[in-house]
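Please read them with the model open beside you.

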Amino acid sequence: MTALRASAVLTLIGLALMAWSILVPTPLPVMLAMTIGQAIGTLAFAIYGYVVVRDVRRARGTPP
Amino acid sequence: MVTWIFDNLLLTAALACAGASALLMLWYLLRRPALSRATKIVLLLGIGVLPIATATTGNVAGFEATKARRFCGSCHVMTPYGADSDDRHSTTLAARHARNALFGDANCYGCHADYGMYGTVITKLGGLRHVYEYVLHYRNMSLEDARATIHIRTPFQNATCMHCHSTQGPTWNAVKEHASLLDRLRGGAVSCASAGCHGPAHPFSKPTSKPTEASK
């Protein structure tokens, strides 16, 4: 659950950077959104995927 | 700005996806529900589907935004160039193209883009180099100093002009200067934007390091 909460917080940070680039389309926000913002979003999704896969393996009785 | 955003379907979609995702994330963080199948599906939407949709639409909107004159003019050293394009009474090449509906607000990009096979990538890499130069060299420079030093990196290519002005139309060839210089214009030996022809493109244009035949 801690990992998922971290993932949710990272998602919010990534979304904030992407929304900033949409509201203020100047070089710095656009570059930050397309690099750091999307990297943070990808990391958050990877954490979610890891947690779900681990949960499914536990439910099937296989070691994570 | 609000009107501009909601007039653009992509921007509206990106903001709507971002807003919906943020609401789901806040709900999860504040309510702390058990990790049931329903919660996983909500999280899949909030962490996966909606942010990916935001990034996709945001990227397309971002690339479009980089074509706008206000984007180029957002670095202070480019403001005089933007102001000249905005000036309805200016007769510079840049301003005349800005008044052309085919260019409009994208006149900087329209004339400075590369139209080769990998033109979009080359143009974007050139833009990244501009950001690098700005952050390291021009960010704290006064407008007067910057105007004195900023210059185009390589001679302006006639091929860019010929993307629209094909040099094959009867109206274009009816101009005697065009007809007499046809081969040299097509070969790039004489620049369309040279002082004796249609240039300079901007009020502050300076000769490039590689002079063309016209500027010799």
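1. Thr2(A) is exposed: 7 other C-beta atoms lie within 10 Å of its own, and a residue counts as exposed when that number is 12 or fewer. Thr2(A) belongs to helix α1 of chain A. Between Thr2(A) and Leu12(A), ten residues apart along the chain, the C-alpha separation is 15 Å. Please bear in mind that this is a predicted model.

2. How far apart are the end C-alpha atoms of helix α1 of chain A? The helix covers residues 2-23, and its 22 residues should span 32 Å at 1.5 Å a residue. The end C-alpha atoms are 31 Å apart, which agrees with that expectation.

3. Several residues of α1(A) are buried, among them Leu4(A), Ser7(A), Ala8(A), Thr11(A), Leu15(A), Met18(A) and Ile22(A). An α-helix has 3.6 residues a turn, so residues three or four places apart point the same way. The cover over the buried residues of α1(A) includes α2 (27-60) of chain A, and also α2 and α3 of chain B.

4. Chain A as a whole has two helices and zero strands. Its C-alpha trace spans about 50 × 15 × 10 Å along the principal axes. The radius of gyration of chain A is 15 Å, whereas a compact globule of 64 residues would have one near 11 Å. Of the 64 residues in chain A, 38% are buried. Taking contacts in chain A between residues at least 6 apart in sequence, 53% join residues at least 24 apart.

5. The two chains touch: 28 residues of chain B are in contact with 27 residues of chain A. On the chain B side, the elements that give two or more residues are α2 (9-31) and α3 (37-65). The largest share of that side, 13 residues, comes from α3(B). Sorted by class, the side of chain B that touches chain A has 18 nonpolar, nine polar and one charged residues.

6. Which residues touch the most other members of the largest nonpolar core? They are Met18(A), Ile22(A), Ala14(B) and Ala18(B), in a core of 46 residues. Elements that each supply at least two residues of this core are α1 and α2 of chain A, along with α2, α3, α4 (69-72) and α6 of chain B.

7. Ala14(B) is worth a separate look. Leaving aside neighbours within four places in sequence, Ala14(B) is in contact with Ile22(A) from the other chain, and with Thr54(B), Thr57(B), Gly58(B) and Ala61(B).

8. Chain B is divided into domain 1 (2-65), domain 2 (73-150) and domain 3 (154-216). The C-alpha centres of domain 2 and domain 3 of chain B lie 19 Å apart. Between these two domains, nine residues of domain 2 are in contact with nine residues of domain 3. On the domain 2 side, α5 (79-86) and α6 (93-98) of chain B each supply at least two residues. The most comes from α5(B), with three residues. By class, the side of domain 2 of chain B that touches domain 3 has six nonpolar, one polar and two charged residues.

Conventions
Residues numbered from 1 in each chain as written. Chains lettered and ligands numbered in written order. Predicted model: local features only at pLDDT ≥ 70, side-chain atom pairs only at ≥ 80, totals over all residues. Contact = placed C-beta atoms within 7 Å. Helix = DSSP H or I, 4+ residues; strand = E, 2+ residues; numbered from the N terminus. Nonpolar A, V, L, I, M, F, W, Y, C, P; charged D, E, K, R; others polar. Expected span 1.5 Å × (residues − 1). Buried ≥ 20, exposed ≤ 12 C-beta atoms within 10 Å, placed from the backbone. Domains from an automatic or database assignment. Core = buried A, V, L, I, M, F, W, Y, C linked by C-beta atoms within 7 Å. Rg over C-alpha atoms; globule rule 2.2 N^0.38 Å.
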